[in-house]
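Dear colleague,

I am passing on the structure we talked about, and my notes on it follow below. Please read them with the coordinates open beside you.

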Amino acid sequence: MKYFAKALDVERSFTFERRNGSLLVVRDDGESFVVDLSPVGDGGAYSFLVDGRSFDCLLEREQGTTVVQLLGERVVVAIQDERELAAQRVAGHKGGGRRAIEAVMPGVVVDVKVAEGDTVEDGQTLCILEAMKMQNPIPADGRAVVARVAVKPGDVVAGGDLLVELDDAPEAEEGAAS
Amino acid sequence: MSPPLFQRVLIANRGEIALRVIRTAREMGIESVAVYSDADRNALHVRRADHAVRIGGSAPSDSYLRVDAVLAAARESGADCIHPGYGFLSENAGFSEACAEAGITFLGPSADAIRKMGDKVEARRVADDAGVPLVPGLKDDVRDDAVLIEKAAEIGYPVMLKAAAGGGGKGIRIVRAEKDLLAAASMARAEARGAFGDDRVYLEKFVTRPRHVEVQIVADQHGGVTAFGERECSVQRRHQKLVEESPCPALTPELRAAMCEAACRLARAVDYVGAGTVEFLYSEGAFYFLEMNTRLQVEHPITEERFGVDLVREQFRVAAGLPVCEAPEPRGHAIEVRVNAEDPDNFFPSLGRIRRLGVPGGQGVRLDSALFRGLEVTPFYDSMLAKLVVHAEDRDTAIARAIRAIREFRIVGVTTSMPVAMRALDSEEFRSGDYDTGILERIDRRPSDKVLELAALAAAVGKFLATEEIPVAPSAASRPPISAWNLLDRAERLGRGMR
């Protein structure tokens with residue numbers, strides 16, 4: 001079975017083979033590696049040997065992604081096997097549509113920059129969330145229409161709380177109907 | 001052994017700085033009293049201190065910022081001195097005054113010195129009088145829009161608007177053109193009012209390619225002031241320091257001497273007593289006074305490592321009336337990396353429980369932190385988890401050592417800013433020594449291809465081992481050993497099924 005990994009713009013697929021007690025990985029570009037990933041304790045730490053090169057690493061496995069820490073870096077890798085990829089293809093691509101912009105952290109809403117019905121551009125600030133003494137602008141994730149504003153200045157929000165709902169903006173430039 | 005200078009110190013702070021003070025106090029035979037909020041009941045500073053007193057709820061305004069509660073704790077515990085640490089009440093003149101009234105020694109300057117230096121407008125006036133160079137700008141807050149526009153044009157764009165009562169980067173606005181000036185002024189005022197309850201802002205020239213360089217001083221009660229060299233703090237994002245080094249690679253010996261001399265003059269001008277830091281902007285061979293921080297700074301350990309002094313010990317000594325020590329000959333190069341609980345890409349705070357901790361060690365590595373496995377990182381306090389400090393014989397070795405130590409440092413449970421610091425340290429710009437406060441915006445944030453390829457491979461191997469089919473064994477005798485991976489994944493599947 002094939003495994004598909006995506007780390008930023010690096011996309012790879014891998015196949016595995018057990019041979020004489022060691023694990024061989026073949027990458028889609030034809031490179032192959034003898035690997036040994038050995039858990040150290042139970043906190044997600046591993047000793048990772050790749051063709052005898054040693055890396056001390058941490059893996060945090062979540063649904064669909066693995067957060068990898070090695071060489072002082074932290075990389076979020078999207079990871080799927082063949083079955084999962086097939087299942088996802090059947091489910092079809094969801095696209096944009098109505099979506100929730102949630103608080104990525106707990107904090108206090110100090111300003112709301114948009115109102116319902118506003119058309120916003122990608123990256124435009126929707127509201128400002130203050131946490132740990134820092135003011136953090138919360139941007140739109142694409143060009144969209146503000147469907148609902150769920151917070152007002154002064155609101156205390158927990159991580160994951162709904163801030164704003166966005167809907168796809170119409171393609172054609174139209175005057176705002178009121 | 002001579003008797004200790006004080007009996008018992010109350011530390012009006014938390015986290016690594018509380019621990020820092022407890023350590024020196026213990027070495028000096030001074031008992032320590034920790035104060036804590038509800039969120040900090042199990043914090044390391046509480047556990048390491050000799051005494052601990054609860055002072056209120058988790059929000060700083062319910063505990064660490066309460067002058068009455070801190071003083072009550074000091075009286076209750078019989079403390080004869082108070083160390084304010086940094087942040088919280090450390091630069092609160094009223095607190096210094098209240099300590100004096102209660103007959104408890106405040107390990108810091110007088111209320112008068114705190115007031116003069118805490119008000120940026122007043123501080124500039126004092127500095128100017130003491131012959132400390134200033135950035136061209138206005139000494140007073142200007143409310144008249146027309147005058148503000150005229151003065152900004154005189155100074156020349158870009159200009160900067162700063163909160164008079166500001167600090168930590170709050171209330172600073174850079175204005176590049178006249179059309180943006182008034183809007184920026186009203187935003188700066190609003191932010192200053194919200195953060196400090198004081199909406200005065202002042203205008204000054206925005207210096208090109210600025211570096212943030214600061215001088216550490218300690219002053220005693222007899223007019224003695226010692227400068228312990230400088231620290232270079234230009235690796236900042238949103239005006240929050242991330243990496244500091246000492247010495248500053250840009251300074252000539254002449255400039256360094258002039259800067260230290262200016263810092264000492266300023267300290268004398270306000271009859272300063274205790275540890276303090278005079279911050280300068282350095283730009284193209286000139287330096288200008290920024291502000292004076294009337295407390296111990298977060299980044300003080302790099303000075304300690306180079307000079308072989310204990311600045312907290314000096315604070316105790318000068319507070320007890322002893323003369324400040326002479327500055328020893330500095331040695332080598334020191335770097336501090338602040339480890340913040342935040343997303344390395346967008347710098348959002350990252351909250352959670354520390355599930356795993358592996359700390360760096362080895363020669364020339366010092367870790368000042370209050371981290372422990374099980375620590376809950378809450379939204380109530382600053383996101384700084386630890387200060388990784390390295391010292392080496394020269395700058396190149398110090399950089400290599402810092403990167404080496406970052407790679408050893410493992411924290412699971414929250415994400416940290418360490419990868420950003422590492423890439424800054426590893427950048428050509430930082431290595432050259434010729435950098436400025438814009439460095440973090442310019443460095444390449446993308447991990448190398450080598451790292452991305454390795455991460456992809458590691459993730460795939462992890463996934464493979466977790467989902468590998470477990471062969472159905474015909475008999476127990478020939479059953480192959482089941483790996484921990486298989487068991488883990490089976491447990492996960494069972495867990496999912498039960499939900």
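Please bear in mind throughout that this is a predicted model. I began with Thr66(A), which, leaving aside residues up to four places away in sequence, touches Leu59(A), Glu60(A), Arg61(A), Val75(A), Val76(A), Val77(A), Ile79(A) and, from the other chain, Ala459(B). Thr66(A) lies in strand β7 of chain A, which runs over residues 65-70, and Thr66(A) is buried, with a relative accessible area of 3%.

As for the interface itself, chain B and chain A bury about 5100 Å² between them, with 65% of that area on carbon and sulfur atoms, and the contact draws on 54 residues of chain B and 59 residues of chain A. Across this interface there are 7 salt bridges; Glu84(A), for instance, forms a salt bridge with Lys463(B), where the closest N and O atoms are 2.9 Å apart. On the side of chain B that touches chain A, at least two residues each come from α12, β20, α13, α16 and α17, and the largest share, 19 residues, is supplied by α16(B). Sorted by class, that side of chain B holds 27 nonpolar, 6 polar and 21 charged residues.

Finally, the cysteines: the count of disulfides over all chains is 0. Cys248(B) is in no disulfide, since the nearest cysteine sulfur, that of Cys233(B), is 9.2 Å away and the cut-off is 2.5 Å; Cys248(B) is also buried, at a relative accessible area of 2%. Cys325(B) is likewise in no disulfide, with the sulfur of Cys264(B), the nearest, 13 Å away, and Cys325(B) is partly exposed, at 21% relative accessible area.

With best wishes

Methods
Residues numbered from 1 in each chain as written. Chains lettered and ligands numbered in written order. Predicted model: local features only at pLDDT ≥ 70, side-chain atom pairs only at ≥ 80, totals over all residues. Heavy atoms only, no water. Helix = DSSP H or I, 4+ residues; strand = E, 2+ residues; numbered from the N terminus. Buried < 20%, exposed > 50% of the residue type's maximum accessible area, 1.4 Å probe, protein only. Contact = heavy atoms within 4.5 Å. Buried area = accessible area lost by both parts, 1.4 Å probe. Salt bridge = Lys/Arg side-chain N within 4 Å of Asp/Glu carboxyl O. Nonpolar A, V, L, I, M, F, W, Y, C, P; charged D, E, K, R; others polar.
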